[in-house]
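Here's a quick briefing to go with the model below. Have a look at the fold, then read on.

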Amino acid sequence: MATAEEVAKAAERRDVRARWLLSAPALLVILLAATGPLLIVLVYSFLTPGAYGDVKWQFSPEAWVSVFMERDIFDDTLSLAAAHVTIFLRSIKLAVVTTLATLALGFPTAYFMATRSEKTRDLWLFLITIPFWTNLLIRTFAVLQIIRNEGIVNTILLKLGIVSAPVQILYTDTAILIGMAYVYLPLMVLPIYASMEKLDFRLVEAGYDLYATRFKVLRKIIFPLVKPGVIAGSILVFIPALGAYVTPSVLGGGKNMMLSNLIELQFGQGRNWPLGSALSITVMIIVMVALLAYVRNAGKSGVRHG
Amino acid sequence: MASNFSIKHQPGFTAIAATCFVVLYLPIIVLVIYAFNAASSTSEWGGFSLKWFQSAWQNTQVIDATMRSFQIGAIAAALATIFATMAALATTRTPPYPGLTFKYAAINQPLMVPEIVTGVALLIFFSRIKIFTGYSGLGYLIAAHTAFCIPFAYLPIRARLENMDLTLERAAADLYATPWKTFRRITLPLLWPGILAGLMLAFVISLDDVVITEFVKSGGQDTLPTYMLGQIRRGITPEINAISTAFLLLSVAIVTLFFFVSRKRD
């Protein structure tokens with residue numbers, strides 16, 4: 001006879017086995033069409049480029065060397081690859097500035113939304129959600145129409161006589177920045193709003209009662225309390241901004257490359273799949289570092305999110 | 001305290017918020033207005049006209065791409081939702097068991113990796129399989145879309161499950177309902193709003209994808225977004241505005257529906 005304990009153990013084992021079976025299809029699809037291929041990218045980054053794209057199955061660290069270095073065709077000496085470094089720095093800079101810009105605009109917006117009456121809050125949330133779920137390409141295209149030489153911005157500037165010739169915004173870093181800030185703004189607002197909604201305004205009142213100024217209350221009470229939301233929003237904006245493909249290729253033109261365009265180039269005209277792979281892994285590493293920083297920070301503040 | 005002192009007020013915040021909402025909607029509104037422009041260039045206004053909608057409607061490339069988008073989106077969203085529902089049932093309302101953390105990480109993995117990286121990874125992997133099997137149909141796009149839709153379908157379903165306690169299911173089991181009957185008569189009806197929300201979210205996500213589709217598709221497999229990207233790169237005509245406007249209306253309709261489905265009974 002099995003004891004009650006043994007019966008319970010067996011039931012638990014059955015339960016765990018059933019749970020594995022239930023989750024198997026999802027895990028399998030993700031393993032095959034998302035996670036697994038990343039490992040192949042890692043392998044490819046250590047191979048030799050083939051003549052017409054793809055690779056030769058021959059180990060070579062060359063792709064990793066070329067991520068930041070350039071080999072001189074004549075004397076084989078290595079020097080810093082200025083083009084790649086420029087693109088890396090530009091991508092990181094644009095992603096950081098986009099994050100800061102969306103934070104500067106998104107924080108007050110989330111605050112405004114969270115301080116409305118309970119009924120109207122839903123409406124504001126809905127209004128922020130609509131652009132969020134509107135196709136990113138369409139939103140980028142909408143920005144393109146606003147900032148191009150014949151667009152609204154230039155028409156107004158010309159009519160008001162502020163400029164005498166249209167300002168070239170399109171196909172510059174500024175255009176990419178405007179576009180990214182525009183498309184990623186809801187990603188910043190939503191998590192900050194989620195934190196802000198839970199804010200206990202009695203603490204704010206206590207601050208004022210103790211003669212704190214508005215700015216001091218904002219800095220010493222509100223900001224620390226919603227910091228997890230701010231960090232979550234920053235991560236949500238920074239990661240897609242760093243790997244952005246659609247916005248820079250539509251608004252940046254051919255010259256203002258970002259990492260994604262550089263990677264695409266290696267798989268297209270460049271026919272250097274190992275270099276493209278090494279660059280992809282590098283992007284992943286930057287993202288992972290950002291995520292780790294987030295996890296550590298979220299752990300420290302002791303607030304569960306998401 | 002003076003009556004005009006509101007503790008919730010912060011100077012300038014309302015103005016910035018107002019600017020944000022105006023800025024968010026202005027470009028979209030301009031885009032929609034220019035879809036009704038009779039002129040053939042987007043820089044001047046030639047009067048109200050529906051001709052660009054008509055021309056998009058008669059453009060076989062646009063119709064093909066739209067059909068393909070819907071086909072991929074419908075299949076991928078359905079598969080992703082079924083798999084996500086199963087996975088959500090397997091990962092909620094349970095004491096921790098070995099592998100649970102791994103499952104969370106695996107299911108959310110597509111959200112953590114930049115799309116461009118997933119795109120090239122699938123390009124490499126699927127091009128190998130293409131050479132190996134000779135198959136070059138829509139299966140690759142469907143597989144890719146299913147994979148990145150799973151976490152989006154999973155989120156609302158899991159959220160709904162976590163708010164459901166096990167009492168009713170236990171009661172059903174006490175009344176000798178089989179596990180399948182309990183699932184069909186109790187769990188599924190209660191879970192249904194979450195499943196519906198997950199399905200809609202997955203469909204919108206699939207419909208929106210440009211980057212991964214761009215890298216995975218074979219020749220002649222344009223979806224609506226990749227077709228539009230190609231057109232925008234070549235130079236803009238008001239036809240793109242018309243297509244965008246139609247697409248936009250669809251997204252807004254789905255989001256509105258989603259908003260009400262997920263709000264209900266919460």
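Helices (H or I, at least four residues) and strands (E, at least two) are DSSP runs, numbered from the N terminus. This is a predicted model, where local features need pLDDT of at least 70, side-chain atom pairs count only at pLDDT 80 or more, and totals for chains, interfaces and linings use all residues. Residues are numbered from 1 along each chain as its sequence is written, chains are lettered from A in the order in which they are written, and side-chain values use heavy atoms, with hydrogens and water left out.

**Chain B overall**
- Chain B has 11 helices and 0 strands, so its pattern along the sequence reads α-α-α-α-α-α-α-α-α-α-α.
- The radius of gyration of chain B (over C-alpha atoms) is 23 Å, while a compact globule of 266 residues would come out near 18 Å (2.2 Å times the number of residues to the power 0.38).
- Along the principal axes, the C-alpha atoms of chain B fill a box of roughly 80 × 70 × 30 Å.
- Of the 266 residues in chain B, 52% are buried (under 20% relative accessible area, 1.4 Å probe, protein chains only).

**A:D76 in chain A**
- A:D76 sits in the loop between β3 (69-71) and β4 (78-80) of chain A.
- A:D76 is partly exposed, at 48% relative accessible area (the class runs between under 20%, buried, and over 50%, exposed).

**A:L199 in chain A**
- The loop between α7 (173-197) and α8 (201-209) of chain A holds A:L199, which counts as buried at 9% relative accessibility.
- A:L199 and A:T115 are 84 residues apart in sequence, yet 9.7 Å apart in space, C-alpha to C-alpha.
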